[in-house]
Amino acid sequence: MIIYFIILPFLFFLVSVYLGRKDFLLTVSFILGLHVFLKITLFKIIPHIAFASGIFINITIVLLFVYYLLFTRLSKNKYLIVYLSCIIGLFMYLFVLAVYRGDDPIIYIDYVKNYFFNFLLFTIFLSERVKKKYQVSTYVNFIVVLTLIQALLGLLQYYIPEISDFFKIVTYERYGKTELAIAQQFKSEQVVTGTLLAMQNLSSFLLLNIIFLGCIKYFKIYKIGNSVYWVIIFSIATMLLTGVRAPLLGLFISFFAILWFANKKLFLFTTVIAFVVLPILVTSISSLIEYSTTAAAGNNFENPLIRILGIFAIFDSNLLGNTTLSRSMELIQYLFQNPIFGFGPGFIFSGYSFSDAFLILLTIEFGLLGVFILILPYIITLKIIKKKCTEKEYTVSVILFITALSQSIVNEGLWTWYTNLQFFLMMMLLLRVNVKNLNYKLKLA
């Protein structure tokens, strides 16, 4: 098995370098494609190493980073020091906490070990000299096609059992042990996962893509045809059929974020209407919402549209106990006991799933200081966008960050492999769009 950890990352590295000589955004798009298609491909051809697909990609990114560090002007980029300082700062913070508490530092660092690889890609992009590049339309079309493939595949999986079965992984091997795949832990004949092997992954993937496409269309960041609306419609339909509620909540949050930046009066009016209408709606369908929360507790996805109604349980005091909000309220007492430094890994996570209330759990574990250090590099990224781009592009970057972070209310969200790389690819595209508008006079480093 070890040979695969050498051969596959090296092959991916060679392809990445080749593409990077043409345009580094080709490399980033290639790596995102690996995240989307590699695991399911390995499950079909070399199943005993499929669990390590993310590790292969991370090794590829490290090799790529070392290559650019040695053979390009990356080492002279000021943002390299800034990002590395943030990453090392978080690791040092966790190490000191672990030593102080008499815990194993590896346990602390293991929680966040996969959170920073895409910053390496972003620093490489920032160090590039802006020369002849592929058109921005190349990458916008790539996102459109990738989104459409996943959306249509999800629809087919729901309506055609044979297609669903092909992409459904029953068990998988991990270092010689057989484990149950996530898709099989839910009661449903048609599990809608696309090629991402989990409903949550597919729904969150589609969410960030359609918010990006919708924003560049609405704010006129880049000229894109009206056919993109069909992509958005198909994607939302697939998101509903996954039966996963967190991305739908993220869709609502993103919608109101767009309203806030676009028209604050309309935002206020819509918010008031929502708070008037929703409680009435919830009262009229309370029995369906109660059934939805029961189905969610039993991992029942047989009727995803009913299950997704559970998102409205927060408006019914009788059902509030089954929501992420109620779990967060239960847990927040621990945050007040040790708000700055937290309690350390294992205090809460041992009794809760990552999908219970991830952001509040993470804050309790690492403290407000730890979460601030974790989010700091993203704040710096937004500041880079604000400095180098127009107000419209900065607005879109903030909306995308809010969208990605909203997924972290329930699960890892922003820090998952898919969402994280999507976010950085979109930040790069916003910078590239601005570069084109300035006739390539801007130097990113």
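**Reading a helical fold, one feature at a time**

Guide: Let's start at one spot: Phe-212 is buried, with a relative accessible area of 2%. Keep in mind that the model we're looking at is predicted.

Visitor: Okay, and in which helix do I find Phe-212?

Guide: Look in helix 9 for Phe-212. Leaving out residues up to four places away in sequence, Phe-212 touches Ile-143, Leu-400, Met-426 and Leu-429. Take Met-426: it sits 214 residues from Phe-212 along the chain, yet their C-alpha atoms are separated by 7.5 Å.

Visitor: What share of the contacts in the chain links residues 24 or more positions apart?

Guide: Counting contacts with a separation of 6 or more, 73% join residues 24 or more positions apart. Gly-370 belongs to helix 16, residues 354-388. With 2% relative accessibility, Gly-370 counts as buried, and beyond its sequence neighbours up to four places away it touches Leu-90, Tyr-93 and Ile-340.

Visitor: Let me zoom out. How many helices and strands does the protein chain have?

Guide: You'll count 18 helices and two strands. The chain has 445 residues, and 54% of them are buried.

Visitor: How do I read a nonpolar core, and which residues have the most contacts inside the largest one?

Guide: The general idea first: in soluble globular proteins, nonpolar side chains tend to be buried together. Here, the largest nonpolar core has 123 residues, and Phe-122, Leu-213, Leu-400, Trp-415 and Phe-423 have the most contacts inside it. Skipping neighbours within four places in sequence, Phe-423 is in contact with Leu-208, Tyr-378, Thr-381, Leu-382, Ser-397, Leu-400 and Phe-401. There's also a second, separate core of six residues, among them Leu-335, Ile-360, Leu-361 and Ile-364.

Visitor: How do I read a pair of helices? Say helix 2 and helix 7: at roughly what angle do their axes cross?

Guide: Roughly 5°, with the axes of helix 2 (residues 24-45) and helix 7 (residues 136-159) coming within 11 Å. Helix 2 and helix 7 are therefore roughly parallel to each other. From helix 2, the contact uses Leu-25, Leu-26, Ser-29, Leu-32, Val-36 and Phe-37, and from helix 7 it uses Tyr-139, Phe-142, Leu-146 and Gln-150. Sorted by class, that contact has eight nonpolar, two polar and no charged residues.

Visitor: Last one: backbone torsions. What is phi of Leu-197 near?

Guide: The background is that most residues other than glycine have a negative phi. Leu-197 has a phi near 70°, a positive value in a residue other than glycine. Leu-197 sits in the loop between strand 2 (177-180) and helix 9, and it counts as buried at 11% relative accessibility.

Visitor: And Lys-220: is it buried or exposed?

Guide: Lys-220 is exposed, with a relative accessible area of 67%. Its phi is positive too, near 55°. You'll find Lys-220 in the loop between helix 9 and helix 10 (228-242).

Definitions and conventions: Residues are numbered from 1 along each chain as its sequence is written. This is a predicted model: local features need pLDDT of at least 70, side-chain atom pairs count only at pLDDT 80 or more; totals for chains, interfaces and linings use all residues. Side-chain values use heavy atoms; hydrogens and water are left out. A nonpolar core is a set of buried Ala, Val, Leu, Ile, Met, Phe, Trp, Tyr and Cys residues joined through side-chain atoms within 4.5 Å. Buried means under 20% relative accessible area, exposed over 50%, partly exposed in between (1.4 Å probe, protein chains only). Contact means heavy atoms within 4.5 Å. Axes are lines fitted to C-alpha atoms, for helices over the stretch in contact, and angles run from 0 to 180 degrees between N-to-C directions. Helices (H or I, at least four residues) and strands (E, at least two) are DSSP runs, numbered from the N terminus. Angles under 35 degrees count as roughly parallel, over 145 as roughly antiparallel, 65 to 115 as roughly perpendicular and the rest as oblique. Ala, Val, Leu, Ile, Met, Phe, Trp, Tyr, Cys and Pro count as nonpolar, Asp, Glu, Lys and Arg as charged, and the others, Gly among them, as polar.
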